Amino acid sequence: MGTARHTLAGRRPAAGAALLGVLLVVPSVASPTWEMAVADREHGSLLSRQWEWSWGRVRLTGLEGVELSDQWNPVGLTVLLLVLAAAVVGVAAWAVRRSSWSQAVALVAVGLLAGRVLTTVSARIGRSLNEVDRGAAGLTVRTDMTSAGSLESAAAVVLVVALALLVTATVLDPGRTPPGLGATSGPNAAPETDAGPAGARAGVAGLRPAGEHLTTPPVSFDETRAGAADSSDRTPTSGPPGRTGGRS
């Protein structure tokens with residue numbers, strides 16, 4: 001009971017960090033993460049605005065908010081939802097019950113989600129820094145990261161920490177059975193004796209156990225001589241045996 005409680009307590013920080021990272025990514029599914037606005041520097045009128053989602057959607061509006069285009073990326077959205085679902089299921093199953101499949105799913109799903117978020121965040125930050133001062137003559141171009149983008153950037157850091165905690169908790173899990181021990185360890189293990197494990201006492205079929213000849217009682221030379229003398233006393237003194245019947 002104490003070992004199981006210690007193991008569960010060791011998995012909780014990793015699972016909590018992973019679930020927190022997933023929650024920070026969820027707003028980017030419905031909200032844009034990057035925004036660009038182009039305005040007339042002289043008149044101050046807004047000429048166009050563009051929003052981008054991390055999974056590939058791009059929405060563009062013109063003067064007076066007229067929508068010019070709205071392009072979706074269904075494949076990117078599906079992949080993001082699948083990775084988020086796999087991360088939640090794997091981390092929850094691994095936190096509740098330790099098993100090989102839950103560990104594998106949690107590590108792979110969190111690793112994929114962390115890699116994807118790191119890629120989109122790094123591209124978005126680099127793009128914002130490159131376009132912050134690129135204003136054409138008479139125009140003001142402003143790029144900014146939305147609230148969903150800021151949460152996704154924080155999720156990148158949290159997911160990296162969660163992945164490190166997952167790996168550490170898996171490696172240092174006290175409930176893991178070292179390779180090669182199998183069923184020979186634990187409370188149900190077969191008792192061992194001086195001659196080795198219980199399975200080794202059986203030996204090879206047809207051979208007597210080693211050292212068995214040493215367990216027989218020793219033979220005394222005095223008893224051997226006494227036995228020979230008794231046998232000589234019982235020997236008949238009559239002549240050599242012959243035919244008992246007379247001649248006819």
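Visitor: Why is Leu-165 called partly exposed?

Guide: Leu-165 has 33% relative accessibility. Buried means under 20% relative accessible area and exposed over 50%, with partly exposed in between (1.4 Å probe, protein chains only), so Leu-165 counts as partly exposed. Bear in mind that this is a predicted model, where local features need pLDDT of at least 70, side-chain atom pairs count only at pLDDT 80 or more, and totals for chains, interfaces and linings use all residues. Residues are numbered from 1 along each chain as its sequence is written, and side-chain values use heavy atoms, leaving out hydrogens and water.

Visitor: Where does Leu-165 sit?

Guide: Leu-165 lies in helix α5, residues 147–171; helices are DSSP runs of H or I with at least four residues, numbered from the N terminus.

Visitor: How do you know which residues Val-25 is in contact with?

Guide: Contact means heavy atoms within 4.5 Å. Leaving aside neighbours within four places in sequence, Val-25 is in contact with Leu-80, Leu-84, Val-117, Ala-155 and Leu-159.

Visitor: What makes a nonpolar core, and how many residues has the largest?

Guide: A nonpolar core is a set of buried Ala, Val, Leu, Ile, Met, Phe, Trp, Tyr and Cys residues joined through side-chain atoms within 4.5 Å. The largest has 21 residues, and Val-25, Leu-113 and Leu-159 are among those with the most contacts inside it. Helices α1 (2–25), α3 (74–96), α4 (100–131) and α5 each give two or more residues to this core. Another core, of 12 residues, lies apart from it and includes Ala-14, Val-91, Trp-94 and Leu-166.

Visitor: What share of the protein is buried?

Guide: Buried residues make up 29% of the 248 residues.
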